[in-house]
2 protein chains.
Amino acid sequence: MAAEPRRADEILEVAARLFYERGYPSVSIRALAHASGIQGGSLYHHFASKEEMLYRICLYGSEGFFAGLGPTLTAGGSFSERLQEFVRSYVLRFWERRYPIAVLFRESHHLSPAHSEELRLVRRRFQQRFQRFLAEGVAAGEFTVPDPKVAGIAVLDLLNGIDNWRRTSGRLGIEEVAGNYAVLVAQLVGARSRKGASV
Amino acid sequence: MAAEPRRADEILEVAARLFYERGYPSVSIRALAHASGIQGGSLYHHFASKEEMLYRICLYGSEGFFAGLGPTLTAGGSFSERLQEFVRSYVLRFWERRYPIAVLFRESHHLSPAHSEELRLVRRRFQQRFQRFLAEGVAAGEFTVPDPKVAGIAVLDLLNGIDNWRRTSGRLGIEEVAGNYAVLVAQLVGARSRKGASV
DNA sequence: GTCTATAGCTTGATAGAC
DNA sequence: GTCTATCAAGCTATAGAC
């Protein structure tokens with residue numbers, strides 16, 4: 001990735017789009033090569049296998065995304081304020097990298113067991129980090145949910161659903177969608193300011 | 001489906017599970033046959049093609065599910081009460097038929113264009129029906145959301161996420177999960193009783 | 001770094017016996 | 001209703017020329 005980055009990354013960007021649209025097993029080596037303007041055999045100069053292509057796409061989707069969201073949960077401000085920033089940041093980052101991230105979420109079970117497990121753990125740790133944040137908010141009296149673990153999964157599922165329905169031609173800009181979701185998630189967790197006033 | 005229902009339906013039940021676990025393109029005719037204890041060629045006595053198997057599974061997932069949920073939105077009671085019953089019913093029905101329904105949601109783009117479009121329309125009409133319900137609840141002063149269309153999609157995405165994380169061995173029974181989600185969704189839409197008291 | 005050619009295998013589907 | 005045998009096509013990956 002450092003030695004000869006450019007051509008390989010161009011190919012992976014095209015491949016991410018194809019895996020996103022048709023699913024990993026339905027995209028042949030020939031189709032991947034054709035979309036990059038080369039022949040099938042030439043791909044093996046850049047990658048050892050089709051699985052390696054999927055792995056590097058998933059890794060790119062994972063890198064930065066989960067790690068970049070962590071700080072929003074530990075920044076200053078009330079739990080409600082931090083949650084708002086988390087949601088806003090999640091939506092914008094997700095949308096920006098939606099092809100590799102959606103491929104990570106939907107196709108990573110086609111990876112080798114080792115690669116699949118590696119990526120699953122990163123995601124799992126992130127989910128747990130978010131669930132802990134909600135539990136802390138409940139303990140602090142800012143959030144009200146029946147079960148922070150269920151609520152955490154529900155929020156993340158809701159956010160991940162964006163790429164199922166939003167189109168670039170949509171009625172709302174991505175900033176508006178982010179603002180909308182920030183309000184909905186705040187209501188979902190029963191957020192109220194520390195002053196005690198109902199939201 | 002009425003003339004010679006039994007054997008074909010047994011095969012489809014096994015097939016739904018396999019498509020659910022591995023994805024349609026990754027399940028071969030031979031694998032489908034093996035899981036039903038017969039040979040590959042024998043499947044073509046029951047089905048004209050692999051695509052027909054997928055179609056009938058998706059159709060089974062769709063049938064009853066969407067139509068059965070409609071009445072909960074038009075039943076008696078306040079908007080909040082109807083929403084509670086909708087969510088409860090959604091979770092229980094979804095879980096009961098999770099293999100064919102998840103296959104419908106995740107794999108129907110592998111159908112022929114005509115079949116895919118047919119099922120897409122049924123789902124789309126259901127989504128719109130639910131969005132209209134939320135808009136009416138907002139107009140009646142029972143719900144508060146920034147945009148009923150976005151809120152509707154968000155709620156359905158949240159509910160559909162269940163099969164991503166719940167296992168039959170899970171900590172909570174499906175009834176508990178349903179109750180949990182009913183509370184979360186009520187909070188998400190800002191539900192308050194007609195008396196005006198904050199939930 | 002890309003090409004052509006091809007090995008080795010699996011795929012969905014068909015034909016015909018029983 | 002299930003079997004065996006098989007076809008034609010497509011698949012991933014490799015080899016070697018340029």
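Predicted model: local features only at pLDDT ≥ 70, side-chain atom pairs only at ≥ 80, totals over all residues.
User: How many residues make the contact, and what area is buried?
Analyst: Chain B gives 32 residues and chain A gives 32 residues. Between them the chains bury about 2400 Å², with 60% of it on carbon and sulfur atoms. Val150(B), Leu184(B) and Gln187(B) supply 22% of the area that chain B buries against chain A, more than any other three residues.

User: What makes Asp147(A) and Arg171(B) a salt bridge?
Analyst: The cut-off is 4 Å between a side-chain nitrogen of Lys or Arg and a carboxyl oxygen of Asp or Glu. For Asp147(A) and Arg171(B), the closest N and O atoms are 2.9 Å apart. That pair is therefore a salt bridge. The count between chain B and chain A is two salt bridges.

User: Why is Lys50(A) said to have no salt bridge?
Analyst: Lys50(A) is found in helix H4 of chain A. The nearest side chain of opposite charge, Glu107(A), is 8.9 Å away.

User: What does the side chain of Lys50(A) reach?
Analyst: It reaches the backbone oxygen of Tyr24(A) at 3.1 Å. Lys50(A) is also in contact with residues including Phe19(A), Val27(A) and Leu32(A).

User: Why is helix H7 of chain A called largely enclosed?
Analyst: Eight of its 10 residues are buried, so the rest of the structure largely encloses H7(A). Among the buried ones are Ile101(A), Leu104(A), Phe105(A) and Glu107(A).

User: Why does Glu175(A) count as partly exposed?
Analyst: Its relative accessibility is 47%. Buried means under 20% and exposed means over 50%, so Glu175(A) falls in between. Glu175(A) has its place in helix H11 of chain A.

User: What makes Glu175(A) and Arg88(A) a polar contact?
Analyst: The distance limit is 3.5 Å. The side chains of Glu175(A) and Arg88(A) come to 2.9 Å, so the pair is within the limit.

Key: Residues numbered from 1 in each chain as written. Chains lettered and ligands numbered in written order. Heavy atoms only, no water. Buried < 20%, exposed > 50% of the residue type's maximum accessible area, 1.4 Å probe, protein only. Helix = DSSP H or I, 4+ residues; strand = E, 2+ residues; numbered from the N terminus. Lys, Arg positive; Asp, Glu negative; His and termini not counted. Polar contact = N/O pair within 3.5 Å; in protein donor to acceptor, adjacent residues only side chain to side chain. Contact = heavy atoms within 4.5 Å. Buried area = accessible area lost by both parts, 1.4 Å probe. Lists of a residue's contacts leave out its neighbours within four places in sequence.
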